[in-house]
2 protein chains.
Amino acid sequence: MTGRDLVSNAVQDYLKVIYKLANAPHAAEKVTTSVLAERMKVSAASASNMIKKLAEIRLLRHAPYQGVELTEAGEKIALEIIRYHRLLELYLRDALGYDWDQVDEEADRLEHAISEDFEKRIDIALGHPTVGAHGEPIPTKNGDIAVHRYHRLSDLGTGQRACIRQVSDRNPEMLRYLDESGLVLGTKIEIREKVPFKGPLLLLALEAGREQHIGLEVAESVFVEMA
Amino acid sequence: MTGRDLVSNAVQDYLKVIYKLANAPHAAEKVTTSVLAERMKVSAASASNMIKKLAEIRLLRHAPYQGVELTEAGEKIALEIIRYHRLLELYLRDALGYDWDQVDEEADRLEHAISEDFEKRIDIALGHPTVGAHGEPIPTKNGDIAVHRYHRLSDLGTGQRACIRQVSDRNPEMLRYLDESGLVLGTKIEIREKVPFKGPLLLLALEAGREQHIGLEVAESVFVEMA
DNA sequence: TCGATATTTTCGTCATAGCTAAACTTTTCT
DNA sequence: AGAAAAGTTTAGCTATGACGAAAATATCGA
(Lines give C-alpha, C1' and ligand atoms only; values in the text may rest on other atoms or scores of the structure.)
Protein backbone atom coordinates (compact mmCIF):
# COMPACT_ATOMS: atom_id res chain seq x y z
CA MET A 1 0.00 0.00 0.00
CA THR A 2 1.48 3.33 -1.07
CA GLY A 3 0.39 6.85 -0.20
CA ARG A 4 -0.92 7.13 -3.70
CA ASP A 5 -3.57 4.49 -3.14
CA LEU A 6 -5.27 6.66 -0.54
CA VAL A 7 -6.26 9.40 -2.95
CA SER A 8 -8.12 9.60 -6.25
CA ASN A 9 -6.49 9.85 -9.64
CA ALA A 10 -7.57 13.47 -9.85
CA VAL A 11 -5.80 14.26 -6.59
CA GLN A 12 -2.69 12.45 -7.78
CA ASP A 13 -2.68 14.49 -10.96
CA TYR A 14 -3.03 17.77 -9.10
CA LEU A 15 -0.20 16.90 -6.73
CA LYS A 16 2.03 15.87 -9.61
CA VAL A 17 1.42 19.08 -11.51
CA ILE A 18 1.89 21.23 -8.42
CA TYR A 19 5.21 19.57 -7.72
CA LYS A 20 6.35 20.02 -11.29
CA LEU A 21 5.32 23.66 -11.35
CA ALA A 22 7.13 24.36 -8.10
CA ASN A 23 10.27 22.44 -9.02
CA ALA A 24 10.64 22.92 -12.76
CA PRO A 25 14.10 24.14 -13.81
CA HIS A 26 14.11 27.93 -13.57
CA ALA A 27 10.48 28.25 -12.60
CA ALA A 28 10.60 29.49 -9.03
CA GLU A 29 7.38 31.47 -9.21
CA LYS A 30 4.89 30.40 -6.63
CA VAL A 31 2.15 28.07 -7.76
CA THR A 32 -1.05 30.05 -8.07
CA THR A 33 -4.59 28.88 -8.65
CA SER A 34 -4.69 30.25 -12.15
CA VAL A 35 -1.38 28.73 -13.23
CA LEU A 36 -2.49 25.41 -11.85
CA ALA A 37 -5.88 25.67 -13.54
CA GLU A 38 -4.25 26.37 -16.86
CA ARG A 39 -1.91 23.41 -16.60
CA MET A 40 -4.68 21.06 -15.51
CA LYS A 41 -6.93 22.38 -18.25
CA VAL A 42 -9.75 23.05 -15.83
CA SER A 43 -11.48 26.27 -14.83
CA ALA A 44 -9.98 28.40 -12.10
CA ALA A 45 -13.01 27.60 -9.99
CA SER A 46 -12.35 23.88 -10.24
CA ALA A 47 -8.72 24.34 -9.31
CA SER A 48 -9.71 26.53 -6.38
CA ASN A 49 -12.11 23.89 -5.10
CA MET A 50 -9.51 21.18 -5.37
CA ILE A 51 -6.92 23.32 -3.60
CA LYS A 52 -9.34 23.84 -0.76
CA LYS A 53 -9.91 20.12 -0.51
CA LEU A 54 -6.21 19.27 -0.64
CA ALA A 55 -5.49 21.83 2.07
CA GLU A 56 -8.18 20.28 4.26
CA ILE A 57 -6.61 16.85 4.03
CA ARG A 58 -3.18 18.37 4.66
CA LEU A 59 -1.53 17.56 1.35
CA LEU A 60 -0.70 21.20 0.78
CA ARG A 61 -0.72 24.56 2.50
CA HIS A 62 -2.67 27.38 1.02
CA ALA A 63 -2.60 31.05 1.86
CA PRO A 64 -5.43 32.56 -0.20
CA TYR A 65 -4.10 34.71 -3.05
CA GLN A 66 -0.59 33.58 -2.16
CA GLY A 67 -0.29 30.27 -3.94
CA VAL A 68 0.16 26.76 -2.66
CA GLU A 69 2.97 24.67 -1.27
CA LEU A 70 2.97 20.90 -0.88
CA THR A 71 3.28 19.44 2.60
CA GLU A 72 5.63 16.53 3.15
CA ALA A 73 2.75 14.11 2.74
CA GLY A 74 1.69 15.80 -0.48
CA GLU A 75 5.19 15.85 -1.87
CA LYS A 76 5.65 12.19 -1.04
CA ILE A 77 2.63 11.24 -3.13
CA ALA A 78 3.70 13.57 -5.95
CA LEU A 79 7.13 11.97 -6.06
CA GLU A 80 5.64 8.48 -6.12
CA ILE A 81 3.55 9.37 -9.14
CA ILE A 82 6.47 11.07 -10.83
CA ARG A 83 8.63 8.00 -10.22
CA TYR A 84 6.00 5.75 -11.75
CA HIS A 85 5.61 8.10 -14.69
CA ARG A 86 9.30 8.33 -15.48
CA LEU A 87 9.96 4.63 -15.10
CA LEU A 88 7.03 3.95 -17.40
CA GLU A 89 8.30 6.38 -20.01
CA LEU A 90 11.66 4.66 -20.07
CA TYR A 91 10.07 1.23 -20.21
CA LEU A 92 7.78 2.19 -23.07
CA ARG A 93 10.75 3.46 -25.04
CA ASP A 94 13.25 0.74 -24.24
CA ALA A 95 11.03 -2.33 -24.09
CA LEU A 96 8.22 -1.46 -26.47
CA GLY A 97 9.91 0.82 -28.96
CA TYR A 98 7.97 4.02 -28.37
CA ASP A 99 9.56 7.26 -29.51
CA TRP A 100 10.32 9.86 -26.85
CA ASP A 101 7.55 12.11 -28.07
CA GLN A 102 4.92 9.39 -27.49
CA VAL A 103 5.78 8.17 -24.03
CA ASP A 104 4.42 11.01 -21.91
CA GLU A 105 0.80 10.61 -22.93
CA GLU A 106 0.76 6.85 -22.48
CA ALA A 107 2.55 7.09 -19.13
CA ASP A 108 0.02 9.67 -17.93
CA ARG A 109 -2.67 7.03 -18.05
CA LEU A 110 -0.62 4.06 -16.94
CA GLU A 111 0.87 5.77 -13.89
CA HIS A 112 -2.46 5.48 -12.09
CA ALA A 113 -3.00 1.84 -12.99
CA ILE A 114 0.22 0.04 -12.15
CA SER A 115 0.96 -1.71 -8.88
CA GLU A 116 4.06 -1.45 -6.76
CA ASP A 117 4.95 -4.89 -8.04
CA PHE A 118 4.80 -3.65 -11.62
CA GLU A 119 6.95 -0.70 -10.67
CA LYS A 120 9.52 -3.00 -9.10
CA ARG A 121 9.63 -5.25 -12.13
CA ILE A 122 10.17 -2.51 -14.68
CA ASP A 123 12.70 -0.82 -12.40
CA ILE A 124 14.68 -4.05 -12.41
CA ALA A 125 14.20 -4.60 -16.14
CA LEU A 126 15.59 -1.11 -16.73
CA GLY A 127 18.55 -1.61 -14.37
CA HIS A 128 17.43 0.87 -11.68
CA PRO A 129 17.71 3.98 -13.83
CA THR A 130 18.21 7.38 -12.21
CA VAL A 131 17.39 9.54 -15.20
CA GLY A 132 14.22 9.50 -17.31
CA ALA A 133 13.59 9.55 -21.05
CA HIS A 134 13.88 13.34 -21.26
CA GLY A 135 16.71 13.69 -18.77
CA GLU A 136 14.58 14.25 -15.67
CA PRO A 137 15.81 12.75 -12.42
CA ILE A 138 13.78 9.75 -11.27
CA PRO A 139 12.81 9.92 -7.59
CA THR A 140 13.85 6.90 -5.56
CA LYS A 141 11.38 4.63 -3.81
CA ASN A 142 12.14 6.61 -0.64
CA GLY A 143 11.19 9.88 -2.22
CA ASP A 144 14.66 11.26 -2.73
CA ILE A 145 15.22 13.13 -5.94
CA ALA A 146 18.42 14.49 -7.41
CA VAL A 147 18.42 18.22 -8.08
CA HIS A 148 20.29 19.13 -11.21
CA ARG A 149 21.06 22.77 -11.71
CA TYR A 150 21.15 22.81 -15.46
CA HIS A 151 21.05 26.00 -17.52
CA ARG A 152 18.56 26.92 -20.13
CA LEU A 153 20.16 26.73 -23.54
CA SER A 154 18.65 30.14 -24.19
CA ASP A 155 20.68 31.61 -21.32
CA LEU A 156 24.05 30.73 -22.80
CA GLY A 157 26.20 33.29 -24.55
CA THR A 158 28.17 33.18 -27.79
CA GLY A 159 31.13 30.83 -27.69
CA GLN A 160 29.94 28.81 -24.73
CA ARG A 161 30.00 25.05 -24.90
CA ALA A 162 27.62 22.70 -23.19
CA CYS A 163 26.03 19.26 -23.23
CA ILE A 164 22.29 18.65 -23.56
CA ARG A 165 21.08 17.00 -20.36
CA GLN A 166 17.33 17.49 -20.23
CA VAL A 167 14.48 18.61 -22.44
CA SER A 168 10.96 19.68 -21.60
CA ASP A 169 8.47 16.92 -22.29
CA ARG A 170 5.57 19.30 -22.58
CA ASN A 171 5.32 19.40 -26.35
CA PRO A 172 5.55 16.19 -28.40
CA GLU A 173 5.95 18.16 -31.61
CA MET A 174 8.98 19.92 -30.24
CA LEU A 175 10.40 16.59 -29.12
CA ARG A 176 10.03 15.29 -32.66
CA TYR A 177 11.70 18.42 -33.97
CA LEU A 178 14.60 18.06 -31.55
CA ASP A 179 15.01 14.42 -32.49
CA GLU A 180 15.07 15.21 -36.20
CA SER A 181 17.58 17.97 -35.55
CA GLY A 182 19.88 15.63 -33.65
CA LEU A 183 19.47 17.61 -30.45
CA VAL A 184 19.11 14.62 -28.19
CA LEU A 185 20.39 13.95 -24.67
CA GLY A 186 24.16 13.88 -24.55
CA THR A 187 24.70 16.03 -27.62
CA LYS A 188 27.57 18.48 -27.15
CA ILE A 189 27.01 21.88 -28.66
CA GLU A 190 28.60 25.29 -28.96
CA ILE A 191 26.82 28.60 -29.32
CA ARG A 192 28.06 30.23 -32.48
CA GLU A 193 25.90 33.28 -32.56
CA LYS A 194 23.09 34.73 -30.62
CA VAL A 195 20.79 37.21 -32.29
CA PRO A 196 19.76 39.77 -29.65
CA PHE A 197 16.21 40.75 -28.73
CA LYS A 198 14.77 37.24 -28.67
CA GLY A 199 16.31 36.27 -31.96
CA PRO A 200 17.38 32.74 -32.86
CA LEU A 201 20.58 31.00 -31.78
CA LEU A 202 23.12 29.62 -34.17
CA LEU A 203 24.26 26.30 -32.76
CA LEU A 204 27.13 24.03 -33.65
CA ALA A 205 26.66 20.37 -32.85
CA LEU A 206 30.23 19.51 -31.92
CA GLU A 207 30.35 15.86 -32.87
CA ALA A 208 28.25 16.07 -36.02
CA GLY A 209 29.95 19.32 -36.95
CA ARG A 210 26.63 20.63 -38.18
CA GLU A 211 25.41 24.20 -37.70
CA GLN A 212 21.80 25.20 -37.30
CA HIS A 213 19.56 28.00 -36.17
CA ILE A 214 17.10 27.30 -33.42
CA GLY A 215 14.28 29.47 -32.18
CA LEU A 216 13.93 30.93 -28.72
CA GLU A 217 11.08 28.69 -27.68
CA VAL A 218 13.15 25.65 -28.45
CA ALA A 219 16.20 27.05 -26.68
CA GLU A 220 14.09 27.64 -23.58
CA SER A 221 12.98 23.99 -23.55
CA VAL A 222 16.48 22.55 -23.67
CA PHE A 223 18.61 22.31 -20.53
CA VAL A 224 22.35 21.90 -20.62
CA GLU A 225 25.33 21.25 -18.42
CA MET A 226 28.15 23.73 -18.98
CA ALA A 227 31.33 22.26 -20.41
CA MET B 1 -10.58 5.67 -31.32
CA THR B 2 -12.19 2.46 -30.18
CA GLY B 3 -15.70 1.77 -28.95
CA ARG B 4 -14.26 1.45 -25.51
CA ASP B 5 -13.23 5.09 -25.39
CA LEU B 6 -16.84 6.19 -25.60
CA VAL B 7 -17.86 4.70 -22.27
CA SER B 8 -16.63 4.90 -18.69
CA ASN B 9 -14.45 2.32 -17.00
CA ALA B 10 -17.42 1.22 -14.94
CA VAL B 11 -19.45 0.55 -18.07
CA GLN B 12 -16.56 -1.36 -19.60
CA ASP B 13 -16.33 -3.52 -16.50
CA TYR B 14 -20.03 -4.31 -16.52
CA LEU B 15 -19.97 -5.25 -20.19
CA LYS B 16 -16.95 -7.46 -19.69
CA VAL B 17 -18.51 -9.30 -16.79
CA ILE B 18 -21.84 -9.70 -18.57
CA TYR B 19 -20.08 -11.17 -21.57
CA LYS B 20 -18.11 -13.55 -19.40
CA LEU B 21 -21.17 -14.66 -17.46
CA ALA B 22 -23.11 -15.28 -20.66
CA ASN B 23 -20.27 -17.07 -22.44
CA ALA B 24 -18.44 -18.93 -19.71
CA PRO B 25 -17.93 -22.62 -20.46
CA HIS B 26 -21.03 -24.51 -19.30
CA ALA B 27 -22.82 -21.49 -17.91
CA ALA B 28 -25.77 -21.01 -20.20
CA GLU B 29 -28.06 -19.54 -17.57
CA LYS B 30 -29.28 -16.10 -18.37
CA VAL B 31 -27.48 -13.20 -16.77
CA THR B 32 -29.63 -11.85 -13.98
CA THR B 33 -29.31 -8.70 -11.93
CA SER B 34 -28.37 -10.56 -8.77
CA VAL B 35 -25.70 -12.70 -10.43
CA LEU B 36 -24.22 -9.61 -12.03
CA ALA B 37 -24.35 -7.69 -8.77
CA GLU B 38 -22.55 -10.47 -6.96
CA ARG B 39 -19.80 -10.67 -9.55
CA MET B 40 -19.35 -6.91 -9.63
CA LYS B 41 -19.41 -6.76 -5.84
CA VAL B 42 -22.08 -4.09 -5.81
CA SER B 43 -25.61 -4.07 -4.43
CA ALA B 44 -28.48 -5.37 -6.53
CA ALA B 45 -29.80 -1.82 -6.65
CA SER B 46 -26.57 -0.57 -8.20
CA ALA B 47 -26.54 -3.32 -10.78
CA SER B 48 -30.16 -2.67 -11.62
CA ASN B 49 -29.44 1.02 -12.13
CA MET B 50 -26.51 0.28 -14.38
CA ILE B 51 -28.51 -2.24 -16.41
CA LYS B 52 -31.17 0.38 -16.96
CA LYS B 53 -28.57 2.84 -18.15
CA LEU B 54 -26.87 0.36 -20.44
CA ALA B 55 -30.22 -0.59 -21.96
CA GLU B 56 -30.95 3.10 -22.61
CA ILE B 57 -27.73 3.55 -24.55
CA ARG B 58 -28.39 0.31 -26.43
CA LEU B 59 -25.45 -1.71 -25.20
CA LEU B 60 -27.75 -4.44 -23.95
CA ARG B 61 -31.36 -5.54 -24.05
CA HIS B 62 -33.25 -5.88 -20.84
CA ALA B 63 -36.67 -7.38 -20.21
CA PRO B 64 -37.34 -6.44 -16.57
CA TYR B 65 -37.06 -9.44 -14.25
CA GLN B 66 -35.80 -11.54 -17.19
CA GLY B 67 -32.07 -10.92 -17.32
CA VAL B 68 -29.92 -9.13 -19.86
CA GLU B 69 -28.35 -9.81 -23.24
CA LEU B 70 -25.63 -7.75 -24.88
CA THR B 71 -26.38 -6.04 -28.18
CA GLU B 72 -23.83 -6.18 -30.97
CA ALA B 73 -22.45 -2.83 -29.89
CA GLY B 74 -22.18 -3.98 -26.29
CA GLU B 75 -20.53 -7.23 -27.22
CA LYS B 76 -18.04 -5.41 -29.41
CA ILE B 77 -16.89 -3.29 -26.49
CA ALA B 78 -16.81 -6.30 -24.16
CA LEU B 79 -14.60 -8.20 -26.59
CA GLU B 80 -12.26 -5.24 -26.95
CA ILE B 81 -11.76 -5.12 -23.20
CA ILE B 82 -11.34 -8.87 -23.00
CA ARG B 83 -8.76 -8.75 -25.77
CA TYR B 84 -6.82 -6.08 -23.94
CA HIS B 85 -7.08 -8.01 -20.69
CA ARG B 86 -5.84 -11.29 -22.11
CA LEU B 87 -3.01 -9.76 -24.08
CA LEU B 88 -1.93 -7.93 -20.94
CA GLU B 89 -2.01 -11.09 -18.86
CA LEU B 90 0.25 -12.84 -21.35
CA TYR B 91 2.58 -9.88 -21.55
CA LEU B 92 2.86 -9.59 -17.78
CA ARG B 93 3.78 -13.25 -17.56
CA ASP B 94 6.10 -13.51 -20.55
CA ALA B 95 7.81 -10.14 -20.46
CA LEU B 96 7.75 -9.23 -16.79
CA GLY B 97 7.84 -12.62 -15.12
CA TYR B 98 4.51 -12.53 -13.30
CA ASP B 99 3.04 -15.85 -12.20
CA TRP B 100 -0.28 -16.86 -13.69
CA ASP B 101 -2.09 -16.27 -10.41
CA GLN B 102 -0.98 -12.61 -10.33
CA VAL B 103 -1.77 -11.45 -13.82
CA ASP B 104 -5.54 -11.11 -13.61
CA GLU B 105 -5.60 -8.44 -10.96
CA GLU B 106 -2.94 -6.31 -12.59
CA ALA B 107 -4.56 -6.64 -16.02
CA ASP B 108 -7.91 -5.58 -14.56
CA ARG B 109 -6.48 -2.16 -13.87
CA LEU B 110 -4.26 -1.84 -16.92
CA GLU B 111 -6.94 -2.83 -19.42
CA HIS B 112 -8.59 0.56 -18.99
CA ALA B 113 -5.38 2.54 -19.29
CA ILE B 114 -3.62 1.25 -22.37
CA SER B 115 -3.93 2.73 -25.84
CA GLU B 116 -4.52 0.91 -29.10
CA ASP B 117 -0.89 1.55 -29.85
CA PHE B 118 0.15 -0.23 -26.67
CA GLU B 119 -2.13 -3.12 -27.57
CA LYS B 120 -0.57 -3.38 -31.00
CA ARG B 121 2.95 -3.36 -29.60
CA ILE B 122 2.40 -6.09 -27.05
CA ASP B 123 0.43 -8.14 -29.57
CA ILE B 124 3.47 -8.03 -31.84
CA ALA B 125 5.90 -8.68 -28.98
CA LEU B 126 3.86 -11.77 -28.10
CA GLY B 127 3.68 -13.00 -31.70
CA HIS B 128 -0.07 -12.48 -32.20
CA PRO B 129 -1.21 -15.05 -29.66
CA THR B 130 -4.66 -16.63 -29.93
CA VAL B 131 -4.86 -18.15 -26.47
CA GLY B 132 -4.44 -16.39 -23.12
CA ALA B 133 -2.53 -17.23 -19.97
CA HIS B 134 -5.28 -19.46 -18.62
CA GLY B 135 -6.25 -21.00 -21.95
CA GLU B 136 -8.99 -18.54 -22.85
CA PRO B 137 -9.35 -17.60 -26.49
CA ILE B 138 -8.18 -14.06 -27.28
CA PRO B 139 -10.66 -12.09 -29.42
CA THR B 140 -9.18 -10.64 -32.59
CA LYS B 141 -9.04 -6.94 -33.30
CA ASN B 142 -12.20 -7.44 -35.38
CA GLY B 143 -14.12 -8.92 -32.50
CA ASP B 144 -13.99 -12.55 -33.61
CA ILE B 145 -13.48 -15.06 -30.86
CA ALA B 146 -12.89 -18.81 -31.09
CA VAL B 147 -15.42 -20.93 -29.26
CA HIS B 148 -13.88 -23.97 -27.65
CA ARG B 149 -16.26 -26.60 -26.39
CA TYR B 150 -14.13 -28.00 -23.64
CA HIS B 151 -15.46 -30.27 -20.90
CA ARG B 152 -15.34 -29.71 -17.21
CA LEU B 153 -12.85 -32.04 -15.65
CA SER B 154 -15.54 -32.85 -13.08
CA ASP B 155 -17.80 -34.18 -15.86
CA LEU B 156 -15.41 -36.88 -16.96
CA GLY B 157 -15.86 -40.52 -15.94
CA THR B 158 -13.42 -43.10 -14.70
CA GLY B 159 -10.89 -44.21 -17.29
CA GLN B 160 -11.30 -41.19 -19.54
CA ARG B 161 -8.24 -39.39 -20.79
CA ALA B 162 -7.98 -35.70 -21.56
CA CYS B 163 -5.67 -32.73 -21.88
CA ILE B 164 -5.97 -29.60 -19.73
CA ARG B 165 -6.82 -26.69 -22.02
CA GLN B 166 -8.23 -23.95 -19.84
CA VAL B 167 -8.58 -23.04 -16.18
CA SER B 168 -10.80 -20.54 -14.44
CA ASP B 169 -8.89 -17.41 -13.52
CA ARG B 170 -11.32 -16.47 -10.79
CA ASN B 171 -9.32 -17.64 -7.82
CA PRO B 172 -5.59 -16.88 -7.58
CA GLU B 173 -5.19 -19.33 -4.71
CA MET B 174 -6.57 -22.13 -6.79
CA LEU B 175 -4.25 -21.16 -9.63
CA ARG B 176 -1.31 -21.41 -7.25
CA TYR B 177 -2.58 -24.79 -6.09
CA LEU B 178 -2.91 -26.04 -9.66
CA ASP B 179 0.55 -24.81 -10.48
CA GLU B 180 2.06 -26.56 -7.48
CA SER B 181 0.18 -29.73 -8.38
CA GLY B 182 1.53 -29.68 -11.92
CA LEU B 183 -1.95 -29.26 -13.38
CA VAL B 184 -1.00 -26.65 -15.94
CA LEU B 185 -2.16 -26.08 -19.51
CA GLY B 186 -1.21 -28.96 -21.76
CA THR B 187 -0.99 -31.55 -19.00
CA LYS B 188 -2.44 -34.89 -20.10
CA ILE B 189 -4.38 -36.72 -17.45
CA GLU B 190 -6.46 -39.84 -16.90
CA ILE B 191 -9.31 -40.25 -14.43
CA ARG B 192 -8.45 -43.17 -12.20
CA GLU B 193 -11.32 -43.07 -9.82
CA LYS B 194 -14.31 -40.90 -9.13
CA VAL B 195 -15.86 -40.96 -5.69
CA PRO B 196 -19.61 -40.54 -6.12
CA PHE B 197 -21.79 -37.93 -4.44
CA LYS B 198 -19.47 -34.98 -4.95
CA GLY B 199 -16.46 -36.85 -3.74
CA PRO B 200 -12.93 -36.20 -4.96
CA LEU B 201 -11.37 -37.44 -8.20
CA LEU B 202 -8.27 -39.55 -8.35
CA LEU B 203 -6.20 -38.25 -11.23
CA LEU B 204 -3.19 -39.66 -13.00
CA ALA B 205 -0.91 -37.15 -14.65
CA LEU B 206 0.14 -39.17 -17.68
CA GLU B 207 3.57 -37.74 -18.34
CA ALA B 208 4.66 -37.29 -14.75
CA GLY B 209 3.08 -40.64 -13.83
CA ARG B 210 1.92 -39.11 -10.58
CA GLU B 211 -1.45 -39.83 -8.97
CA GLN B 212 -3.38 -37.35 -6.87
CA HIS B 213 -6.79 -36.64 -5.45
CA ILE B 214 -8.43 -33.39 -6.35
CA GLY B 215 -11.56 -31.85 -4.90
CA LEU B 216 -14.76 -31.11 -6.76
CA GLU B 217 -14.34 -27.37 -6.73
CA VAL B 218 -10.99 -27.70 -8.42
CA ALA B 219 -12.32 -30.20 -10.96
CA GLU B 220 -15.08 -27.76 -11.87
CA SER B 221 -12.54 -25.02 -12.57
CA VAL B 222 -10.45 -27.06 -14.98
CA PHE B 223 -11.50 -27.51 -18.59
CA VAL B 224 -10.18 -30.28 -20.79
CA GLU B 225 -10.15 -31.50 -24.34
CA MET B 226 -11.03 -35.18 -24.63
CA ALA B 227 -8.27 -37.44 -25.88
C1' DT C 1 -54.44 -21.17 -6.32
C1' DC C 2 -52.75 -18.60 -2.72
C1' DG C 3 -49.36 -16.99 0.11
C1' DA C 4 -44.45 -16.99 1.48
C1' DT C 5 -40.08 -16.13 -0.11
C1' DA C 6 -36.82 -14.47 -3.27
C1' DT C 7 -35.60 -11.30 -6.74
C1' DT C 8 -35.80 -6.99 -8.99
C1' DT C 9 -36.84 -2.30 -9.40
C1' DT C 10 -37.67 2.36 -7.80
C1' DC C 11 -36.75 6.17 -4.82
C1' DG C 12 -34.18 9.29 -2.28
C1' DT C 13 -29.17 10.17 -0.81
C1' DC C 14 -24.32 10.64 -0.89
C1' DA C 15 -19.53 11.62 -2.71
C1' DT C 16 -16.51 13.03 -6.38
C1' DA C 17 -15.20 16.24 -9.65
C1' DG C 18 -16.24 18.98 -13.18
C1' DC C 19 -18.66 23.52 -14.93
C1' DT C 20 -20.46 28.78 -15.23
C1' DA C 21 -21.77 33.06 -13.27
C1' DA C 22 -21.29 36.27 -9.90
C1' DA C 23 -19.06 38.23 -5.95
C1' DC C 24 -15.12 39.40 -3.77
C1' DT C 25 -9.87 40.42 -3.00
C1' DT C 26 -5.53 41.91 -4.54
C1' DT C 27 -2.57 44.06 -7.64
C1' DT C 28 -1.43 47.29 -11.05
C1' DC C 29 -1.75 51.36 -13.72
C1' DT C 30 -2.62 56.17 -14.30
C1' DA D 1 -5.60 57.43 -4.40
C1' DG D 2 -8.85 55.40 -7.16
C1' DA D 3 -10.31 52.56 -10.83
C1' DA D 4 -9.49 48.86 -13.87
C1' DA D 5 -7.56 44.40 -14.44
C1' DA D 6 -6.31 40.16 -12.69
C1' DG D 7 -6.92 36.57 -9.76
C1' DT D 8 -9.75 33.96 -6.31
C1' DT D 9 -13.69 32.28 -4.05
C1' DT D 10 -18.52 31.16 -3.49
C1' DA D 11 -22.87 29.44 -4.96
C1' DG D 12 -25.50 26.58 -7.57
C1' DC D 13 -25.67 23.16 -11.23
C1' DT D 14 -24.38 18.69 -13.87
C1' DA D 15 -23.07 13.78 -14.38
C1' DT D 16 -21.48 9.37 -12.67
C1' DG D 17 -21.95 5.56 -9.83
C1' DA D 18 -22.39 3.88 -5.43
C1' DC D 19 -25.83 2.92 -1.32
C1' DG D 20 -30.15 1.33 1.72
C1' DA D 21 -35.07 1.12 2.25
C1' DA D 22 -39.24 0.19 0.39
C1' DA D 23 -42.23 -1.14 -3.32
C1' DA D 24 -43.16 -4.20 -7.09
C1' DT D 25 -42.97 -8.57 -9.33
C1' DA D 26 -41.88 -13.48 -9.90
C1' DT D 27 -41.52 -18.05 -8.38
C1' DC D 28 -42.21 -21.99 -5.56
C1' DG D 29 -44.46 -24.92 -2.25
C1' DA D 30 -48.43 -26.67 -0.02
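DNA strand C is surrounded by 21 residues, the closest being A:S8, A:A45, A:S46, B:T32 and B:S34; a residue is near a strand if its C-beta atom, placed from the backbone, lies within 6 Å of it. The model is predicted: local features need pLDDT of at least 70, side-chain atom pairs count only at pLDDT 80 or more, and totals for chains, interfaces and linings use all residues. Residues are numbered from 1 along each chain as its sequence is written, while chains are lettered from A and ligands numbered from 1 in the order in which they are written.

At least two residues of the surface near DNA strand C come from each of α1 and α3 of chain A and α2 (33–40) and α3 (44–56) of chain B. Helices (H or I, at least four residues) and strands (E, at least two) are DSSP runs, numbered from the N terminus. For DNA strand D, α2 and α3 of chain A and α1 (9–23) and α3 of chain B each supply at least two residues. The closest residues to DNA strand D are A:S34, A:P64, B:S8, B:A45 and B:S46.

In chain A, helix α1 (residues 9–23) has 15 residues and should span 21 Å at 1.5 Å a residue, which agrees with the 21 Å between its end C-alpha atoms. The expected span is 1.5 Å times one less than the number of residues. The buried residues of α1(A) are A:Q12, A:Y14, A:L15, A:K16, A:I18 and A:Y19, where buried means that 20 or more other C-beta atoms, placed from the backbone, lie within 10 Å of the residue's own. Their cover includes α2 (33–40), α3 (44–56), β1 (60–62), β2 (68–70) and α4 (72–96) of chain A; contact requires C-beta atoms, placed from the backbone, within 7 Å.

Chain B holds an open sheet of six strands in the order β3-β8-β4-β5-β6-β7, with antiparallel pairing. Two strands pair if DSSP finds at least two bridges between them. The edge strands, β3 (151–152) and β7 (210–214) of chain B, each pair on one side only. Strands β4 (residues 161–167) and β8 (residues 222–226) of chain B run antiparallel and are joined by five bridges. B:Q166 stands opposite B:F223 in β8(B).

Key: A residue is buried if 20 or more other C-beta atoms lie within 10 Å of its own, exposed if 12 or fewer, and partly exposed in between; C-beta atoms are placed from the backbone. Two residues are in contact if their C-beta atoms, placed from the backbone, lie within 7 Å.
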